[in-house]
Amino acid sequence: MLVPVFTLKLNHKINPRMVTIGKYDGTHPNLTAATTAGKVVFIHNPHSRTLSGGRASELSLDSDISLLSINKSVSSVAAGSLDPVGVNDMLMVGTQTDLLAYDVQNNTDAFYKEAPDGVNAIVIGTLGTINSRLAICGGNCALQGFDIEGNDMFWTVTGDNVCSLALCDFAGEGMSELIVGSEDYDIRVFREDEIIAEMTETEAITALCPMTTSRFGYALANGTVGVYDKSSRYWRIKSKNQAVSIHSFDLNGDGVDELITGWTNGKIDARSDRTGEVVFKDNMSSSIAGIVEGDYRADGNTELICCSVEGEVKGFLPATQELKGNLMDVNIDQEKVREMSQRKQNLLLELKNYEENAKAAATDRPSGLGDLDKGKMGIIPANTQLQTSLSVNVDSEGKGPHVDLFVSTTNNTILRAVLIFAEGIFEGESHVVHPNQNQLTNELHVPIIPPKDVPVDLHIKAFVGHKSSNQFHVFELTRQLPRFSMYSPCSDQVPEPKSSVTFTVNERVQRIVMWINQHFLLNNELTCDGDLNAGFMSLRGSGPLFIQMKSGGQVTVRTDDMDLAGDIVQAIASFLGLDELQVTADFPLHMEELKGILVKVDDFHEVRQKLTAEMADHSNLIRSLVVRAEDARLMGDMRNMRRGYMELYDLNRDLINGYKIRCNNHQELLSCLKQVNQMIQKAGNLRVGKFKTQVVSQCRQAIKDNNVSALLKIIKTGSS
């Protein structure tokens, strides 16, 4: 359904995921990418060559390529218009320390901003009710948006390092929300600085792209690609190769975009947004670096443009109606042959089973099948049922704390194998238990260790038969693992944690009891007549957790783990349908840790300023030494020339050592800033709705003002 219309060889290797396309003159699209050299961005402009006198320079007089020197390792690129009334796109280049907005048409810097959190991903567009178009950058647990003048118009924190960004009308209200994929396997949806949805995946989210209406595509580091419609996943597939780039493109002109994926093995495929079925595929000679779209031939048709890491570029167009008909006929014929072949294999297997059963029946006694033949044929009693149960195991067998899944049948039939499919629990997402022939029983035990506090569906398939069976019945069922399954009940004798979260809800105690029974794995349901005091011990080493509630509606969650407290608050608010919730939080250990981190941040900033000043002094000294040494050379004074170059050598060595110290200092500073951002995220996660947004924005202002006492008060009370 797509036909290739042009191929280019750019002779520049391209960094994966660093490809964009922009109309820098307002008319002609220019392919732009970061080279593997790391510090250079090239701009392919086959339409006009007018760059001169700025940061960018043409490769040669007859070349279509201009090189833009950044002098720092490029981490992301994007192109788009920041001017709501203008048509010229601007090129955004991100590094681990700053963001450059470059006006390619005029060959000048539009603005240059320091980004201490780094720039891992960039997206350009409008966000919510913010009037200005923004360049939104995602970095070290932080999101930041700049307008055309470089003003900081948007800032918030997210749970971990940002891997990918996309703007999409997620809520279907005519405004764009920001979709953020991060290293902690979560997809978060921001309406400006408020999180309105969170979805947990099984790996880091490496790519996101908007699709039709509220749908968006995603790709994971483990080779998974799929489509969400709002918070519901439509479909997903998993490959042994990694998806480098995803893009939405309407192949068949029906107004609905298909998901185009470029893979590390050079494969390009297009999948239906509804089913994930492949509707088109092609190959390039090397790994895909990026997929974009634009009218690159200036003929009024928008091409799908695929770039490889070796600099090969392929442009595709949807097939004409006549050609599409021929291609469709061929594809339909091939699909029908494939489908009929699969049906044939299934029918042959079924026929073989019937023949074996008939053969056994023909050689048996007139009274019917014998027990031995019944066993071989896998015939089991009609009332056979598969039963499952879940229980918390503290560590009774030396295997470490885990959840026990017991699978059993209701009679003396045996379980030959059990296959469990569960996202994010097993490596490869599936686990097979296949006992030895001499250990076959009607019960199997599977230890499960959920790595995070999220509800997980366990899809179970069991082979049921007899010990002598050659054929087995397959039973299928689904059990849900509760969100807080890695917590075992404990007594009141356990010392209560020093930290707590307190809030008030207009609910009866029994509602919280019901929530506990649904979200924790209990052998016996919890009951409560008066005030509630339920104690649990974390099997992951987070210590005790107490959930207390008085008859007046005051709820206290006691735990020293701030993350866990936030998860509990969010889960209770979701269960009770609360849109807004303010809390009082007391986490003395976390606050002391935060104070120490902020002191370190100040120290690192001081060291950085001192090193920068020293490097500037050394640079001035180098200039004077070079002039003196060259003067001595021209005058034939070899002795002073040698002395000058020896001083230069020593100074250069000191500069290199200073640079190494500066690099280490920057890495330590990044680590501390990440911890500060995560602490703000945790403090926000203790609240719901506008109070969550309020905490994040006020915490940032307190950090800007270097007001530590105000920051601690905001985290504790939710307001300054």
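Q: What makes the charged end of Lys267 count as sitting over the ring of Trp263?
A: The charged end of Lys267 is 5.5 Å from the centre of the Trp263 ring. The cut-offs ask for NZ of Lys or CZ of Arg within 6 Å of the ring centre and within 35 degrees of the ring normal, so Lys267 sits over Trp263.

A word on the ground rules: this is a predicted model, where local features need pLDDT of at least 70, side-chain atom pairs count only at pLDDT 80 or more, and totals for chains, interfaces and linings use all residues. Residues are numbered from 1 along each chain as its sequence is written, and side-chain values use heavy atoms, with hydrogens and water left out.

Q: Why is the pair of Phe111 and Phe146 called tilted?
A: A search of the whole structure finds 13 aromatic pairs. Rings of Phe, Tyr and Trp (its six-membered ring) pair if their centres lie within 6.5 Å; planes under 30 degrees apart count as stacked, over 60 as edge-to-face and the rest as tilted. Phe111 and Phe146 have ring centres 6.2 Å apart and planes at 45°, so they are a tilted pair. Phe111 lies in strand E10 (residues 108–114) and Phe146 in strand E13 (residues 142–146), so the pair ties together parts 35 residues apart in sequence. (Strands, E, of at least two residues and helices, H or I, of at least four are DSSP runs, numbered from the N terminus.)

Q: Why is Phe111 called buried?
A: Buried means under 20% relative accessible area, exposed over 50%, partly exposed in between (1.4 Å probe, protein chains only). Phe111 has 7%, so it is buried. Phe146 has 4%, so Phe146 is buried too.

Q: What makes the pair of Phe484 and Phe520 stacked or tilted?
A: The ring centres of Phe484 and Phe520 are 5.2 Å apart and the planes are at 20°, so this pair is stacked.

Q: Which residues have the most contacts inside the largest nonpolar core?
A: Phe503 and Phe520, in a core of 60 residues. Such a core is a set of buried Ala, Val, Leu, Ile, Met, Phe, Trp, Tyr and Cys residues joined through side-chain atoms within 4.5 Å. Helix H4 (residues 562–576) gives the most to this core, with nine residues.

Q: How do you know that E7 and E8 pair?
A: Two strands pair if DSSP finds at least two bridges between them. Strand E7 (residues 74–80) and E8 have six, in the antiparallel sense, so they pair.
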